[in-house]
Amino acid sequence: MLNRVVIVGGGTAGWMTASYFKAAFGERIDITLVESGSVGAVGVGEATFSDIRHFFEFLGLKEKDWMPACNATYKLAVRFENWRQPGHYFYHPFEQMRSVNGFPLTDWWLKNGPTDRFDKDCFVMASVIDAGLSPRHRDGTLIDQAFDEDGNEMQGLTMSEHQGKTQFPYAYQFEAALLAKYLTRYSVERGVKHIVDDVTKVELDERGWISAVKTAEHGDITGDVYIDCTGFRGVLINQALEEPFISYQDTLPNDSAVALQVPMDMERRGIRPCTTATAQDAGWIWTIPLTGRVGTGYVYAKDYLSPEDAERTLREFVGPAAADVEANHIKMRIGRTRNSWVKNCVAIGLSSGFVEPLESTGIFFIHHAIEQLAKNFPGEDWNPAHRDLYNNAIAHVMDGVREFLVLHYVAAKRSDTQYWRDTKTRAIPDSLAERIEKWKVQLPDSESIFPYYHGLPAYSYMCILLGMGGIDLAPSPALALSDPSAALQEFELIREKTERLVKVLPKAYDYFTQLG
Ligand SMILES: Cc1cc2nc3c(=O)[nH]c(=O)nc-3n(C[C@H](O)[C@H](O)[C@H](O)COP(=O)(O)OP(=O)(O)OC[C@H]3O[C@@H](n4cnc5c(N)ncnc54)[C@H](O)[C@@H]3O)c2cc1C
Ligand SMILES: N[C@H](Cc1c[nH]c2cc(Cl)ccc12)C(=O)O
């Protein structure tokens, strides 16, 4: 039985992997995690997918256990500002798209929308976020009563098995460094051996498989399976095993970021319960409210903007609160390692791959990889089918997310700088170009988006197409022959529900202070 796992790297990826594997396999698995005391973790990575709640559930953690410890807040959507034109915004919310007579409500909206805001007409969440509200009532019950939180029928499913069955109404935002610290305690209490030291050399046997990692002060560490969580360095997978990295930069040129962690009085400021992505001349700025600070950063392409100008723009954007805050400049490696599992090494996290954080997919990639590795964990015979299944799943998730992100830029109406004009002429994946032609006449559905699991449902694509405004979309011709009254009634129901909720939900900030 293979059961000795060595994890190199103690960022979000390393500790999420260690804690999940302990929760999954308990004492049957022997885990050693070695992390450098001198090489820091990336330390950003604050917004998530809603699916991450399955990770916490799997570990047996409740919100009240981990959220206060990680300064966590609820995220109900991504809010896109200025991607169409200055002053315009729209939401990509965590809310299932409704259907009426076999057509998504957005299709009816294109034909007969009550206002010019698809997000407010088709989703309850848009107005809830505008009002700065919590997705839970004061007594803890969810905004969406139809969602059975305690139901057992979904438990034990992986994220891909969940897709399309339900849509949980929110995700989280938190301090990644605090989560890593929280999971360190969780893992060590359950028997994970924690070594703080530098891996200085990776020993390979005659077949080229890893036989040990050498450390500066703790000698050789040996195991059966080696998990590379060393971040962009890819110390095991790229450096030692020389697995090539496939860059996505031809289609996603943003390769740099500058980040600030700005302390703020959130009670006074209030919490807008979402992640905001505000388009800029050469990229976009994220704004993530946490309980004691706001995390913010400018993601940009070095070909269009210098780090100094990016930092200056970010500081102007934030205002005086950022004056004494030190900026963190980050070079991003965009793309994926060709195969994340090679021989007895599996890369998880930034060493496996990364795309710019526009839809907060970094931690989702990690969670997905962990679930897939737990499912395909090798036996003594190292049957290559497990490795191949795993590698395909990882490649599909990343390639699919890449298409989704490229769509944001192709669909954005903005074209006021060279950066934005180039988004309309740059090469895009062939398959995406074909799909866009179809979406112009029929909004995306599960049959017409990237055909493998990549975490994003068809309605997410609808939101981006409708919100970005740069691609002309037509309602289905069949709607001209259909009676619109049921759709109009649905718009009215959403309006009434929104009006009711906005009166009773607590402010997001008030809900968190009650939680802590
Ligand atoms: C600008 C930016 C914004 C992001 N925003 C988001 C977001 O909003 N949401 C999201 O989900 N994701 C986001 N991400 C991604 C997220 O940060 C990462 O997915 C996450 O932090 C995981 O990183 P990691 O653990 O793979 O690597 P790292 O955090 O880089 O950790 C690497 C670890 O390896 C160790 N190490 C390296 N070399 C050695 C060695 N030789 N010996 C021993 N140890 C070693 C280091 O000490 C460290 O512990 C963002 C990323 C960037 C760059
Ligand atoms: N797996 C889904 C992906 C998803 C569904 N709606 C949204 C909205 C936003 Cl802003 C990001 C991801 C998704 C999930 O996390 O629920």
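A: A salt bridge is a side-chain nitrogen of Lys or Arg within 4 Å of a carboxyl oxygen of Asp or Glu. Asp281 and Arg414 form one, with their closest N and O atoms 3.4 Å apart. The two residues belong to distant parts of the chain, 133 residues apart: Asp281 is in the loop between S16 and strand S17 (283-289), and Arg414 is in the loop between H13 and helix H14 (418-422). Helices (H or I, at least four residues) and strands (E, at least two) are DSSP runs, numbered from the N terminus.

Q: What kind of model is this?

A: This is a predicted model, in which local features need pLDDT of at least 70 and side-chain atom pairs count only at pLDDT 80 or more, while totals for chains, interfaces and linings use all residues. Residues are numbered from 1 along each chain as its sequence is written, chains are lettered from A and ligands numbered from 1 in the order in which they are written, and side-chain values use heavy atoms, with hydrogens and water left out.

Q: Is Arg414 buried or exposed?

A: Buried means under 20% relative accessible area and exposed over 50%, with partly exposed in between (1.4 Å probe, protein chains only). Arg414 is buried, because its relative accessible area is 12%. Asp281 has 45% relative accessibility and therefore counts as partly exposed.

Q: How many salt bridges are counted, and which residues share partners in one network?

A: Side chains of opposite charge can pair when their charged atoms come close. The count here is 32 salt bridges. One of them joins the side chains of Arg272 and Glu81, at 3.7 Å from N to O. Arg272 lies in the loop between helix H10 (266-269) and strand S16 (275-280), and Glu81 lies in strand S4 (residues 77-81), so this pair ties together parts that are 191 residues apart in sequence. Arg272 counts as partly exposed because its relative accessibility is 35%, and Glu81 counts as buried because its value is 16%. Arg79, Glu81, Lys120, Asp130 and Arg272 are joined into one network by salt bridges that share partners.

Q: Which residues have the most contacts inside the largest nonpolar core?

A: A nonpolar core is a set of buried Ala, Val, Leu, Ile, Met, Phe, Trp, Tyr and Cys residues joined through side-chain atoms within 4.5 Å. The largest has 157 residues, and Trp66, Trp83 and Ile348 have the most contacts inside it. Helix H13 (residues 384-411) supplies the largest share of this core, 12 residues. The core lies between domain 1 (1-44 + 180-254 + 332-382) and domain 2 (257-331), because both give residues to it. A second, separate core has 18 residues, including Val199, Tyr226, Ile237 and Cys345.

Q: How many disulfides are found?

A: A disulfide is a covalent bond between the sulfur atoms of two cysteines. With a cut-off of 2.5 Å between the sulfur atoms, the search of the whole structure finds 0 disulfides. The closest cysteine sulfur to that of Cys345 is in Cys229, 9.4 Å away, which is too far for a bond. Cys345 counts as buried, because its relative accessibility is 0%. The sulfur of Cys274 is 13 Å from its closest cysteine sulfur, in Cys463, again too far for a bond.

Q: Where does strand S5 stand, enclosed or open?

A: In strand S5 (residues 89-93), 5 of the 5 residues are buried, so the strand is largely enclosed by the rest of the structure. Tyr89, Tyr91 and Pro93 are buried on one side, and Phe90 and His92 on the other. Two strands pair if DSSP finds at least two bridges between them; S4 and S5 run antiparallel and are joined by 5 bridges. Phe90 in S5 is the bridge partner of Phe80.

Methods. Domain bounds come from an automatic or database domain assignment.
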